[in-house]
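This report walks through selected local features of one protein chain. Please keep the sequence and the structure in view while reading.

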Amino acid sequence: MRLDGGGTVMESDDRYGVAGQRDDGAGFGEPVPPPPSRAPDVGPPPPGAPLRAAGAALLNLTGLGLGYALLGRWARAALCWAATAALLWAALPADPDGVPGGVLAGYLFVLVLAAADGARIARRSALGGAWRPVLAVGLGVVLLAVPAGGAAVYGSARDEAREQMLLDRLAAGDERVAAASGQPFDSVKGEYAGALDVYRALGEDHPGSRAAKLVPDRLKTYYDAVSAPYAEKRHCEAVAPLAYLRTLPDSVDEKLLGALAAWPDEPLATSLYGCGVSRLGVPGGGGTELGELLRTFPDSASAQQVGPAIGKRIKDQVAALKGAEPCAATEVLRGLGATASELPAEGVKALRADADQGVEDGVYACGVDQFEDGKFGDARTTLTDFARTYKSDGRARKARNIAIAAEIADDRPAAGKRLPPSKRPGGSRMELVISNDAPNAVEVLYTGPVTGTVTLKACGGCERYSASAGARQACGASGRNYPKARLQLPAGEYHFLYKHGTGATARVDSYSSGTKVQPGYTYTSCTYVIERSPFDLDLPLLPDPIQPVISPWGAGSSR
């Protein structure tokens, strides 16, 4: 320091002074005391204070603590370095979500505080050389590019991390599709839905990302995986997944789906048709799919094929009635008729009449086939139902005759060797008189050149016979009026079944027999009931003595 003529205290730009000399020559060569280490707290600051303050503030704003370093405040500089290190530790490596807001706000607060503090200290501190404040400002401006550039680089790294995160999500969706592909749709529907959520979120929430640009291709792959059964022509399996795809425009932006939005319509219509037609024939089979087709896609090419397809199937099954399996063909016709009647199109409903006519022919053909195959119980049931259901059909009478023959043949197989003749034979007729000496009514079924039934009322006062007395005494009581039936039979071989009805017990057996009716004779038959032995032993029925009137042939039942 030196004292000028005006008495003003001046401080050199150097931190350390040099020995001076007095102007008046007194005390020449005596040392001058060094200047103080810092500017006094009172009085004006040293020259260049604003420039020094700006330089220190800018250097501290870089986050490197250089303002403090220039001022020699190393502890404060270390605090800046620690704050910057903490920021780098929290920020690196770059995270898609960036630096936590609290950390960034805290760091900025530290920088602003350091800049203000550095500026305050620099205003009272003299820097050596006039060039140093200027250099500090310039350096501070230049070094501010470091945090700015770092922020830009970090932002780019953060964006890349976000892109990678989105690509990882896309890959996760792809993995779910790959895992679900080839599995039954119902069991993996949740996996497909999860993958779709991923694609939808990427496409709609991050439209500018690299992952979003790949979503359209992934959706094409997605549709291919879900609709794989359709591509493999497994139409029934394809219905559910295609119906699912058809609903996606309700939840996914159609701009994202593009042409895929409307794509499932035609494949679904084709699959509904293919599946429905493949199930035709079973009662109600195919009705669900074909009904859905006609209601949802009434103008589609597939819908137009429904009527012709059912009509052709009906014609095919009608032709099959003449084949080896008329019963099976009849059941198919029943199913076709039921399906046609359930469908919404009036033109298809009208096909029910063709199917019903086929069923009528089929029931008769089925009964005849069962008879010829020796399934006499089934034939009896089928043809009895035919005669009862289709009373106006010209074959009803013949159906009843075949049912009678089938019932006899079920007990006496010889009666089922051939079908009853369709026409009654001509020529002479022989009389067969059947008398009932049983205390219960009897129904007599017969088949041969002619077929029919007669019923005899219970015989009042008649009793059961012992096994030995039945053949000798049956129908022989004088003065007793036995219920009778008279049959006029053409010559030929006949089979009879005597069925005991009202008045009989469960232990009275039906009895079948056979005889040959010859021209020129009159025949008689007597039906009666014999007691079983006290020990419940089954006694053999008497043989059939077949003779003309002189020795009538008998028919007995045991009890």
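## Terms and model

Helices, which are H or I runs of at least four residues, and strands, which are E runs of at least two, are taken from DSSP and numbered from the N terminus. The model described here is a predicted one.

Cysteine 475 sits in the loop between helix H21 (467–473) and strand E6 (484–490), and although cysteine 475 is not a glycine, its phi is positive, at about 60°. With a relative accessibility of 24%, cysteine 475 counts as partly exposed, because that class lies between the limit for buried residues, under 20%, and the limit for exposed residues, over 50%.

Lysine 233 is another residue other than glycine with a positive phi, in this case near 60°. The loop that holds lysine 233 runs between helix H9 (228–231) and helix H10 (235–246), and the relative accessible area of lysine 233 is 65%, so this residue is exposed.

Helix H18 covers residues 351–372, and because each of its 22 residues is counted at 1.5 Å, the helix should span 32 Å, a value with which the 31 Å between its end C-alpha atoms agrees. The expected span is 1.5 Å times one less than the number of residues. After H18 comes glycine 374, which has a positive phi near 80°.

Glycine 337 belongs to helix H16, made up of residues 326–342, and its relative accessibility is 1%, so glycine 337 counts as buried. Between the C-alpha atoms of glycine 337 and glycine 358 the separation is 9.4 Å, while along the chain these two glycines are 21 residues apart.

## Surface patches

A nonpolar patch on the surface is formed by Phe109, Val110 and Leu113, which together have about 290 Å² of accessible area. Phenylalanine 109 is part of helix H4, residues 101–123, and counts as exposed because its relative accessibility is 56%.

Of its members, arginine 429 lies in strand E3, which comprises residues 429–436. The relative accessible area of arginine 429 is 32%, so this residue is partly exposed; patch members need over 30% relative accessible area and no salt bridge.

Terms used. Residues are numbered from 1 along each chain as its sequence is written. This is a predicted model: local features need pLDDT of at least 70, side-chain atom pairs count only at pLDDT 80 or more; totals for chains, interfaces and linings use all residues. Side-chain values use heavy atoms; hydrogens and water are left out. Buried means under 20% relative accessible area, exposed over 50%, partly exposed in between (1.4 Å probe, protein chains only). Patches are made of residues with over 30% relative accessible area and no salt bridge: like charges are joined within 9 Å, nonpolar side chains (Val, Leu, Ile, Met, Phe, Trp, Tyr) within 5 Å. Accessible areas come from the Shrake-Rupley method with a 1.4 Å probe; for residues, only the protein chains shown count as cover. A salt bridge is a side-chain nitrogen of Lys or Arg within 4 Å of a carboxyl oxygen of Asp or Glu.
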